[in-house]
Amino acid sequence: MNQPFPDVFQECIKHRSSHLCGAYPYASGEILSPLSKAISARKILEVGTGLGYSTLCLLESNPLGEIVTIDQDATHVATAKKIWEQHGYEKQITTYVEKAEDVLSRLSEQFDLIFFDGYVPQMKMLLQFEKLLRKDGILVTTNLFLRDEKGGKYLKALLDRKKWETGIFSDTAISTKLI
Ligand SMILES: C[S@@+](CC[C@H](N)C(=O)[O-])C[C@H]1O[C@@H](n2cnc3c(N)ncnc32)[C@H](O)[C@@H]1O
Ligand SMILES: [Zn+2]
């Protein structure tokens with residue numbers, strides 16, 4: 001496997017075994033860097049920072065990219081900040097230590113790319129993502145089948161071809177916003 005930042009990936013695995021939490025590093029991190037580069041994503045929003053593994057993947061080949069990343073767990077964000085500094089990416093990253101639902105309703109800028117890796121994707125968040133993502137922007141949603149093997153209302157909405165063009169692999173949907 002062509003895994004980026006293998007040291008950080010391993011640190012996340014180690015962290016989980018002591019913190020007993022759900023901070024799984026995103027298993028398909030290698031798709032994030034080419035995706036972010038392909039659309040020259042300047043403004044990126046991430047929900048579910050964890051220890052910041054996916055944040056690094058999103059920025060790896062995108063020196064002009066800036067990320068706003070949200071996580072409700074202060075321990076995770078503090079550790080992520082150390083990891084980003086060690087890898088020299090901290091200047092590109094803004095963090096919020098809050099529930100994503102609360103932060104999303106206060107944001108007003110338009111994003112080129114949104115990466116959701118909180119726990120279960122919820123319809124109320126998708127409605128926020130629709131507002132915050134620019135037309136032709138990309139939404140990457142993980143954990144699609146965590147609660148519902150069919151992906152529930154969230155996936156059903158992403159399969160509405162009037163609004164989204166969506167491809168699915170593993171537990172992830174990659175969607176372009178059409179309108
Ligand atoms: C699977 S981990 C993220 C892993 C990270 N994307 C990576 O690849 O390293 C999920 C994270 O989402 C956070 N989270 C879950 N639900 C949340 C919510 N409603 N608001 C903010 N953070 C949330 C958890 O605290 C956890 O750190
Ligand atoms: Zn943890």
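## A tour around ligand 1

Start with ligand 1, which sits in the largest pocket. Keep in mind that this is a predicted model.

Next, select the elements around the ligand. Helices α3 (53-59) and α5 (100-104) are the elements that give two or more residues to the shell around ligand 1.

Now show the shell itself. There are 21 residues around ligand 1. Tyr26, Ser54, Asp71, His76 and Asp117 come nearest. Colour the shell by class: seven residues are nonpolar, eight are polar and six are charged.

Zoom in on the contacts, one residue at a time.

- Select Asp117. An N or O atom in its side chain is 2.7 Å from a nitrogen atom of ligand 1.
- Select Gln72. Here a backbone N or O atom lies 3.1 Å from a nitrogen atom of the ligand.
- Select Tyr53. One of its backbone N or O atoms lies 3.4 Å from an oxygen atom of ligand 1.

How much of ligand 1 does the protein bury? Taken alone, the ligand exposes 600 Å², and the protein buries 95% of that.

Leave the ligand and look for salt bridges. The count comes to seven. For one of them, select Lys43 and Glu66: their side chains meet at 3.7 Å, N to O. What does this pair tie together? Show strand β1 (residues 43-47), which holds Lys43, and strand β2 (residues 66-70), which holds Glu66. The pair therefore ties together parts that are 23 residues apart in sequence.

Definitions and conventions
Residues are numbered from 1 along each chain as its sequence is written. Chains are lettered from A and ligands numbered from 1 in the order in which they are written. This is a predicted model: local features need pLDDT of at least 70, side-chain atom pairs count only at pLDDT 80 or more; totals for chains, interfaces and linings use all residues. Side-chain values use heavy atoms; hydrogens and water are left out. A residue is near a molecule or strand if one of its heavy atoms lies within 4 Å of it. A polar contact is a pair of N or O atoms within 3.5 Å; within protein, one must be able to donate a hydrogen and the other to accept it, and residues adjacent in sequence count only if both atoms are side-chain atoms. Accessible areas come from the Shrake-Rupley method with a 1.4 Å probe; for residues, only the protein chains shown count as cover. On a 1 Å grid over the protein atoms alone, a cavity is a set of points where a 1.4 Å probe fits but cannot get out, and a pocket is an open set with protein on both sides within 12 Å along at least five of seven lines; lining residues have an atom within 4 Å of a point. A molecule sits in a cavity or pocket if more than half of its atoms lie within 2 Å of its grid points. Helices (H or I, at least four residues) and strands (E, at least two) are DSSP runs, numbered from the N terminus. Ala, Val, Leu, Ile, Met, Phe, Trp, Tyr, Cys and Pro count as nonpolar, Asp, Glu, Lys and Arg as charged, and the others, Gly among them, as polar. A salt bridge is a side-chain nitrogen of Lys or Arg within 4 Å of a carboxyl oxygen of Asp or Glu.
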